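The sequence and structure come first.

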Amino acid sequence: MQNPNTLWIKNPLATLNLACAGGVVVSGNQIVELVPEGQQPTTRVDEIFDASQHVMLPGLINAHHHFYQTLTRAHPVALNKELFSWLTSLYPVWAKLQPEMVEVSTQIALAELLLSGCTTANDHHYLFPQGLEQAIDIQVEQSRKLGVRVHLTRGSMSLGKDQGGLPPQSTVQTEDTILTDSERLISRYHDHADGAMVRVALAPCSPFSVSGELMKASAELADKHNVQLHTHLAETHDETEFCQRMFGMRPVDYLESVGWLNNRTWLAHGIHFNEEEIARLGKAGVGIAHCPSSNMLLASGMCPTLELEAAGCAVGIGVDGSASNDGSNMILEVRQALLLQRLRYGAKRITHQKVMDWATRGSAACLGRDDIGEIAVGKQADLALFRLHDIQFAGAGDPLAALVLCGAQRADRVMVAGRWRVIDGTIEGLDIEALKARQRALSAQLR
Ligand SMILES: Nc1nc2[nH]c(O)nc2c(=O)[nH]1
């Protein structure tokens, strides 16, 4: 239900958009007015929220995640490993996932994201052991309860060890099963409309876990239903070697050969590209979800963000699954992007505004949306408000920069589609202690 009142969020301490230094007016699920500094709204307002102690950002948008992996944070079998051995250690653990685990881990991931200022979250769920056929249905239900906007991708694995792939046979599905379920989920849940709270995309997992046939069929299905495509690509050198051995080509050539080099596609990671490949990705309008913590933790490499952007790619930010981060904190991920990318490009080019732009407009573009990611009239009222009262901010000068440089961790207020979902740092209607206890018990079952 929408908030029937018109609300003025008044005089924020700082904001990314200087045109709304006097605040924003929210009506229904949209921003209806930007108020210039020192002025009053022209719209009649029913309520006022004094934001003079808050830094106001567009809601952060997480462009890549695996919610279920919150159950296997710092999992003993996966410590200190790089991608392929990390995955082969964890596949058998994830094969034991049960419906309650998906329910609880989805709530945990969404709650952690919300509390860190995230209003739209992607998830890439690619494990469907027997009994877990309804995993995405469960995620839709949980996202509706928490009121977070979601882009849920129907992930898949079809290339088991017996066919030369990486995952054990017990974790893969037939292509028919995957495609039938993909079509079911799109027709049941995907909302094409502006302001959509749930969208569905198709996400065969990675070159070493799905067949080329499934990639092609998924691209055709995405065309038929006008939905997006998502996969892991160019994450590690192991993957490049796999593509050369298995398909006789590099990952981007493979992507093109299966009909994915177009603007329906956004890729997780996107690290190991050469110059010519970057130009082709940019020309095609492919989006890239940069996942800095995961890329450092798994020692995968560094995404060439600025070259990709200059070529025409949208660059967004993703926390990645919480088994390779091992958290789901979106504002901290913005800081990680700044720190990592400064190593390559220097401090002048990687500013705090730049990384915030990736985590808002950039991620929105990756997800194919222009109704979120900005504080502007007509956009969805998705907002994250941070206070600078914790000890790490004591003595901070520039409030906007402080969020990133001092390491903000928690939003004080978060609004999604015009409704406050976080108030005073607490999620409305959620018993977080009980939820954490359930997650701890379920996670113990997986160890
Ligand atoms: N960081 C990750 N990379 C992946 N590749 C793949 O096939 N699965 C994963 C994953 O879960 N995380």
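Aspartate 371 and arginine 369 are both buried. The two form a salt bridge in which the closest N and O atoms are 2.8 Å apart. The model is a predicted one, and it holds 20 salt bridges.

**Salt bridge between aspartate 137 and arginine 184**

- Aspartate 137 pairs with arginine 184 in a salt bridge, with 2.8 Å between the closest N and O atoms.
- Aspartate 137 belongs to helix 3 (residues 135–146) and arginine 184 to helix 4 (residues 175–189), so the bridge ties together parts that are 47 residues apart in sequence.
- Aspartate 137 has a relative accessibility of 8% and therefore counts as buried, the cut-off for that class being under 20%.
- Arginine 184 counts as partly exposed, because its relative accessibility is 26% and that class lies between 20% and 50%.
- Both residues belong to a network of salt bridges that links Asp137, Arg154, Asp181, Arg184 and Arg188.

**Salt bridge between arginine 250 and glutamate 277**

- Arginine 250 and glutamate 277 form a salt bridge whose closest N and O atoms are 2.6 Å apart.
- This pair links distant parts of the chain, 27 residues apart: arginine 250 is in the loop between helix 6 (237–247) and helix 7 (251–257), and glutamate 277 is in helix 8 (residues 275–284).
- Arginine 250 is partly exposed, at a relative accessible area of 24%.
- Glutamate 277 is buried, at a relative accessible area of 1%.

**Ligand surroundings**

- The ligand is surrounded by 15 residues, and the closest are Gln69, Tyr126, Ser206, Glu235 and Asp320.
- The side chain of glutamine 69 places an N or O atom 2.9 Å from an oxygen atom of the ligand.
- For serine 206, a polar side-chain atom lies 2.6 Å from an oxygen atom of the ligand.
- For glutamate 235, an N or O atom of the side chain is 2.8 Å from a nitrogen atom of the ligand.
- The ligand taken alone exposes 300 Å², and the protein buries 100% of that area.

**Threonine 72**

- Threonine 72 sits in the loop between strand 7 (60–62) and helix 1 (83–94).
- Its relative accessible area is 1%, so threonine 72 is buried.
- The side chains of threonine 72 and tryptophan 94 are joined by a polar contact of 3.1 Å.
- Not counting residues up to four places away in sequence, threonine 72 touches Leu90, Val93, Trp94, Ala323 and Leu446.

**Glycine 327**

- Glycine 327 is in the loop between strand 14 (315–317) and helix 11 (330–345).
- With a relative accessible area of 15%, glycine 327 is buried.
- Glycine 327 and glutamate 112 are 215 residues apart along the chain, and their C-alpha atoms are separated by 8.3 Å.
- Neighbours within four places in sequence left aside, glycine 327 is in contact with Arg73, Glu112, Val319 and Ser322.

**Annotated domain**

- An unreviewed UniProt entry annotates residues 55–420 as "domain: Amidohydrolase-related".
- Over residues 55–420 the chain is 41% helix and 16% strand.
- The end C-alpha atoms of residues 55–420 are 16 Å apart.

Note on methods
Residues are numbered from 1 along each chain as its sequence is written. This is a predicted model: local features need pLDDT of at least 70, side-chain atom pairs count only at pLDDT 80 or more; totals for chains, interfaces and linings use all residues. Side-chain values use heavy atoms; hydrogens and water are left out. Helices (H or I, at least four residues) and strands (E, at least two) are DSSP runs, numbered from the N terminus. Buried means under 20% relative accessible area, exposed over 50%, partly exposed in between (1.4 Å probe, protein chains only). A polar contact is a pair of N or O atoms within 3.5 Å; within protein, one must be able to donate a hydrogen and the other to accept it, and residues adjacent in sequence count only if both atoms are side-chain atoms. Contact means heavy atoms within 4.5 Å. UniProt positions are given in the numbering used here, feature names are shortened, and annotations may be inferred rather than shown by experiment. A residue is near a molecule or strand if one of its heavy atoms lies within 4 Å of it. Accessible areas come from the Shrake-Rupley method with a 1.4 Å probe; for residues, only the protein chains shown count as cover. A salt bridge is a side-chain nitrogen of Lys or Arg within 4 Å of a carboxyl oxygen of Asp or Glu.
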